[in-house]
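Here is a note for a colleague who is meeting this structure for the first time. The points below are numbered and may be read in order.

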Amino acid sequence: MDNMAEVKKNILTEEGLKALEEELQDLKVNRRKEVAQKIKEAREQGDLSENAEYDAAKEEQRDIELRIEEIDKILKNAELVVDDDIDSSVINIGCTVKIKDLEFNEEMEYKIVGSTEANSLKGKISNESPVGKALIGAKKGQTVEVEAPSGVLKYKILEITKS
């Protein structure tokens, strides 16, 4: 990697940081042991050339090690958003926002998080997503517009809370 290239900071909320640290701990402590046991048992079955269990266990081991590496990288470049630093008069990472879709007249609630934590099914949207970008810096009562493939979406900001 070129030293001139800026390392992208992984913005995490305290909740997101804790979840990653717990996953890392689980991978290193429990999952590594489990997979080592699977490999050992598969080895004891003899011929490894036609041993599907052995191949599957080795594959799982690779996946675990890759995920550990990935989490290590995320944590190394993590920038923590501390709740106390969040100004709840404007939308920022770590805020929960209640917005109203003006076209469909429906209310939605999102938590704005860094891209590594985003999970739309849990209502967590990235600050880098089109909606996230439009919301960052906006205030209660404001209407923001989001360019979407289907046209321009308009959202009115109803409430901003610190999570």
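1. Which residues does Ile-74 touch, not counting residues up to four places away in sequence? They are Asn-10, Leu-12, Leu-20 and Thr-116, where contact means heavy atoms within 4.5 Å. Ile-74 has its place in helix α2, residues 52-76, and its relative accessibility of 10% makes it count as buried (buried means under 20% relative accessible area, exposed over 50% and partly exposed in between, with a 1.4 Å probe and protein chains only). Between the C-alpha atoms of Ile-74 and Leu-48, which are 26 residues apart along the chain, the separation is 36 Å.

2. A word on the basis of these values: this is a predicted model, in which local features need pLDDT of at least 70 and side-chain atom pairs count only at pLDDT 80 or more, while totals for chains, interfaces and linings use all residues. Residues are numbered from 1 along each chain as its sequence is written, and side-chain values use heavy atoms, with hydrogens and water left out. Helices (H or I, at least four residues) and strands (E, at least two) are DSSP runs, numbered from the N terminus.

3. How do the helices α1 and α2 pack? Their axes are 9 Å apart and the angle is about 160 degrees, which makes α1 roughly antiparallel to α2. Here axes are lines fitted to C-alpha atoms, for helices over the stretch in contact, and angles run from 0 to 180 degrees between N-to-C directions; angles under 35 degrees count as roughly parallel, over 145 as roughly antiparallel, 65 to 115 as roughly perpendicular and the rest as oblique. The crossing of α1 and α2 is left-handed, a term used if the near helix is turned anticlockwise from the far one by less than a right angle, with right-handed used if clockwise.

4. Salt bridges should be read alongside that packing. The whole structure holds 11 salt bridges, each being a side-chain nitrogen of Lys or Arg within 4 Å of a carboxyl oxygen of Asp or Glu. One of them joins the side chains of Glu-23 and Arg-67, at 2.8 Å from N to O; this pair links distant parts of the chain, with Glu-23 in helix α1 (residues 14-43) and Arg-67 in helix α2, 44 residues apart. Glu-23 is partly exposed at a relative accessible area of 29%, and Arg-67 likewise counts as partly exposed, at 23%.

5. Another salt bridge is formed by Lys-38 with Glu-60, whose closest N and O atoms are 2.8 Å apart. Lys-38 lies in helix α1 and Glu-60 in helix α2, so this pair ties together parts that are 22 residues apart in sequence. Lys-38 counts as partly exposed at 39% relative accessibility, whereas Glu-60, at 19%, counts as buried.

6. A further salt bridge brings together the side chains of Lys-154 and Glu-145, at 3.7 Å from N to O. Lys-154 is partly exposed, with a relative accessible area of 38%, while Glu-145 is exposed, at 51%. Elsewhere, salt bridges that share partners join Arg-31, Glu-34, Lys-38 and Glu-60 into one network.

7. In what order do the five strands of the open sheet stand? The order is β5-β4-β3-β7-β6, with mixed pairing, and two strands are said to pair if DSSP finds at least two bridges between them. The edges are taken by β5 (124-126) and β6 (143-148), each of which has a single partner strand, so one side of each is left without a neighbour in the sheet. Direction ignored, neighbouring strands of this sheet are turned by 45 degrees against each other on average.

8. Strand β3 (residues 95-101) is mostly covered, as five of its seven residues are buried. With strand β7 (residues 151-162), β3 pairs in the antiparallel sense over seven bridges, and here Val-97 stands opposite Ile-160. Strand β4 (residues 106-113) also runs antiparallel to β3, joined by six bridges. Lys-98 stands opposite Glu-109 in β4 and opposite Glu-159 in β7.

9. Finally, please look at the hairpin of β3 and β4, which has four residues between the strands. Asn-105 is found in this loop, and its phi is near 55 degrees, a positive value in a residue other than glycine. With a relative accessible area of 53%, Asn-105 is exposed.
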